[in-house]
Each structure stands twice: as C-alpha cells, then as structure tokens.
Amino acid sequence: MTDSLSQIASEIAKCEKCKLYSTRKRTVPGEGPDNAKIMFIGEGPGYHENEQGRPFVGQAGKFLDELLASIKMKRADVFIANVVKCRPPQNRDPEPDELASCNDYLERQIALINPKAIVTLGRYSMENFFPGAKVSSIHGQAKKVKGRLVVAMFHPAAALHQPKYRTLIEEDFKKLPEYITLAEKEVVAAPAKPEEPPEQMSLF
Ligand code: URA
C-alpha cells in the first residue's frame, strides 16, 4: 500500500503506542500541503492544539504566523508538524519513550513531503537532526543532514517569553528565503551515510 499523509493521520488518530493517548483529547498529526517546500517541526501539542487537533494554534502559533508573514509566507504554504502528536499533560517535556513511539510518523511525513528545507523549533525537534547540539550554538545556520537542508531555531514559545530569543528567531527567519532558493538550485546529493556527522553547507 502506498503511504499518504491522510493514512498517517488516521493511524495517529487511533494510536495507543505510548501513554499520551490516555490523556489526549485530539491527536495533532500536523497540517499543510503534501508538496510543501518547507516543513516546520515543533515539540508537541499544547492546550489549544489538543482542543482543536491542529498544530500551533495558540500564542506560539500566532507568533509563528507573524514570523511567516515577515518573509511573505503563509501557513498554507508550509507543513507544520510536531515530534509528538499528542499533548503531554500540563505541557511537560515529551519523554524518551513518547518521542521514540512517535518518531516513525514524523519520518514518514518527512519522506512523503520531501521538503527542500526543515526548520526545527526548539530542543526536542533539533535533537532529531543534531543529537547533543545546543540551539543557542547552531540556531539560524543551514546544515545538511542526509542530503536535506535543516535549520535549527529557538521555539517560538521561548521567544515569546524572552525578548533576546525573539530577536534571534526574527533574524533567523529572515535567512530562510535565501536558504530555500539555494536548496532548490542545488542538485540534491545522495543521502549521507547515517554515521556521518551533519556537515555545514559550504555555501552558507
Ligand atoms: N508548541 C509546539 O511545539 N507545537 C504546537 O503545536 C504548539 C505549541
């Protein structure tokens, strides 16, 4: 059977692979066009996302919309997902078993969408691509991971609460259009071997 985003969403809707299923109200698989050039990956649903079944619809989501508007993009142009698809109670951090259980859904979404660029929002999403890195050290830099451009950024919620992060994420967003243009021009290299460390793109 060929995979599809709706197939993944229907599996997530029934998912009981980790304990988060017992406290969730709605699953939040992610949304956006299946041919989006850019994919944003956050942490996990919060209160409003759990109520509505849609990603980034609370305060952090409003800020994400503003950031997108600052580079003349709309939510409808991009795919927005999270590393965990169900709300951790009281918005606690996702736990390792929850991240592991949910990872396959995210991998399948990335494979289907095949975006030119991925933007990780916050630590848990970054960890998927840059294990052991610090957002404060690598944010805003375009790096290639398995042949795809990945840019780590601070989480918009952190930026809402701390003005210094707000400026940084605003500046990082301004770099995105150029990164996407360059990624589109480049002939995508064969996927790097998994054991190779992520390399800094020489163009940037
Ligand atoms: N924060 C996230 O990381 N994801 C959401 O969907 C909402 C808030």
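A polar contact is here a pair of N or O atoms within 3.5 Å; within protein, one of the two must be able to donate a hydrogen and the other to accept it, and residues adjacent in sequence count only if both atoms are side-chain atoms. By that criterion, a polar side-chain atom of asparagine 82 lies 2.7 Å from a nitrogen atom of the ligand. The structure is a predicted model, in which local features need pLDDT of at least 70 and side-chain atom pairs count only at pLDDT 80 or more, while totals for chains, interfaces and linings use all residues. Residues are numbered from 1 along each chain as its sequence is written, and side-chain values use heavy atoms, with hydrogens and water left out.

Around the ligand stand Gly42, Glu43, Gly44, Glu49, Pro55, Phe56, Asn82 and His155, a residue being counted as near if one of its heavy atoms lies within 4 Å. The backbone takes part as well: a backbone N or O atom of glutamate 43 lies 2.7 Å from an oxygen atom of the ligand, and a polar backbone atom of phenylalanine 56 is 3.0 Å from an oxygen atom of the ligand.

Helices (H or I, at least four residues) and strands (E, at least two) are DSSP runs, numbered from the N terminus. Helix α4, residues 96–113, has 18 residues and reaches 25 Å from its first C-alpha to its last, close to the 26 Å expected at 1.5 Å a residue, where the expected span is 1.5 Å times one less than the number of residues. An α-helix has 3.6 residues a turn, so residues three or four places apart point the same way.

Two asparagines in loops deserve a look at their backbone. Asparagine 91, in the loop between β2 and α4, has a phi near 60° and is partly exposed, with a relative accessible area of 44%. Asparagine 114, in the loop between α4 and β3, has a positive phi of about 50° although it is not a glycine. Most residues other than glycine have a negative phi.

Strands β4 (residues 142–145) and β5 (residues 148–153) pair in the antiparallel sense over four bridges, pairing requiring that DSSP find at least two bridges. The two strands form a hairpin with two residues between them, and lysine 146 in the turn has a positive phi of about 50°. Alanine 142 stands opposite valine 151 in β5. From β4, Ala142 and Lys144 point one way and Lys143 and Val145 the other, and all are buried.

Histidine 139, in the loop between α6 and β4, is buried, with a relative accessible area of 16%; leaving aside its neighbours within four places in sequence, histidine 139 is in contact with Ala152, Met153, Phe154, Leu168 and Asp172. In helix α8, the buried residues are Tyr165, Ile169, Asp172, Phe173, Leu176, Tyr179, Ile180, Leu182 and Ala183. A kink of about 30° lies in α8 at leucine 176, shortly before proline 177.

Terms used
Buried < 20%, exposed > 50% of the residue type's maximum accessible area, 1.4 Å probe, protein only. Contact = heavy atoms within 4.5 Å. Bend = angle between axes of the 7 residues up to and from the residue.
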